[in-house]
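User: Could you walk me through the aromatic residues and the core of this one?
Analyst: Gladly; here it is.

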Amino acid sequence: MKKRITAIPGSLMLIPMAISALVCTYYPFLSRLKSPASDIVGSSGTMTMIGLLLFFSGADSRPDILIKSVKRGGMLALLKMVTAFIGTVIFVKCFGIKGVMGVSAVAVAACLSSMSPGVYIALMNEKGDDVDKAGYAFISLVSLPFIPVCFLTVSEGSGIDWIAMISTGLPFLLGMGLALLKKDVQQFLKRGTMILMPFLGWSLGSRVNIKTAFEAGGAGIILGITVTLITLLPMLLAECAGMKRNGYASVGIACAGGVSVSVPAILASEHIEYLPYVETATAQIAMVVLLSTFMTPVFVKILDSKKA
């Protein structure tokens with residue numbers, strides 16, 4: 001059963017999120033529950049779970065591997081970040097935070113900068129070498145939710161929100177520091193992320209009205225295709241033409257990650273002007289993650305056929 005669930009990258013978060021959205025849309029009595037039940041089956045515990053997820057992610061990272069990882073995968077991830085930042089700035093300047101055609105700035109920023117370290121390392125284990133695999137650590141770092149939050153605050157002209165950046169990065173650094181101080185801590189906390197993912201998925205799903213999600217579905221599909229092409233093409237050009245590589249690392253980095261679904265909630269907790277867009281943006285980002293997950297094997301097959 002576990003193998004079937006984890007066969008699709010991100011499914012540990014996305015499947016509970018979908019079930020939660022269905023249940024909470026048609027059985028809203030769950031919203032009347034109090035703590036501690038509401039912290040598990042509702043949205044009140046979302047930020048705590050995100051903090052723990054960042055802590056576990058930090059405990060699973062090492063500074064020496066982060067430095068080594070910049071060589072190839074890290075350079076491609078940085079290229080994606082630059083592309084995402086430019087895209088976010090242009091979108092906000094043209095359409096504001098409200099966006100256009102039902103797609104808000106927070107959805108665009110989250111999707112442009114989104115990466116799935118799990119998909120990347122799974123692909124590199126099959127198609128890459130040791131240098132490619134080392135990129136996992138750096139990609140895990142730059143896929144943290146504070147990246148799109150900073151992109152949006154800078155795009156609005158308010159500069160970098162250092163408090164939001166520190167608040168999001170501190171749990172990651174604490175986890176990393178604890179793992180460095182005591183090596184067996186890393187092994188002890190290794191499964192923390194996997195255990196927490198379904199609970200976070202349920203918590204995020206409780207914010208989504210499934211009727212609104214279906215209305216946003218078309219925009220989510222268009223958004224997914226657009227951001228994938230915008231971020232993937234520059235990376236493929238850099239990897240294939242510049243690095244003389246096969247393009248698999250670019251495909252892995254282009255895949256959107258499930259953690260990006262948490263970006264609207266994080267942003268709205270610090271900037272209330274984004275609160276009206278949380279529900280729709282969360283649904284759209286979830287759609288992009290699903291679409292990206294299914295598109296990645298297609299891109300791999302295309303690269304395989306060209307290699308043959």
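**Aromatic pairs and core**

Analyst: At 16% relative accessibility, Phe56 counts as buried (under 20% relative accessible area with a 1.4 Å probe, protein chains only; over 50% is exposed and in between is partly exposed). This is a predicted model, in which local features need pLDDT of at least 70 and side-chain atom pairs count only at pLDDT 80 or more, while totals for chains, interfaces and linings use all residues. Residues are numbered from 1 along each chain as its sequence is written, and side-chain values use heavy atoms, with hydrogens and water left out.

User: And which kind of aromatic pair do Phe55 and Phe56 form?
Analyst: Their pair is edge-to-face, at 6.0 Å centre to centre and 65° between the planes; rings of Phe, Tyr and Trp (its six-membered ring) pair if their centres lie within 6.5 Å, with planes under 30 degrees apart stacked, over 60 edge-to-face and the rest tilted. Phe55 is partly exposed, at 22% relative accessibility.

User: What about Phe91 and Phe95?
Analyst: Their ring centres are 5.1 Å apart with the planes at 55°, so that pair is tilted. Phe91 is buried at 12% relative accessibility, whereas Phe95 is partly exposed at 42%.

User: Switching topic, what is Leu223 in contact with?
Analyst: Leaving aside neighbours within four places in sequence, Leu223 is in contact (heavy atoms within 4.5 Å) with Val103, Ala107, Val108, Cys111, Gln284 and Val288.
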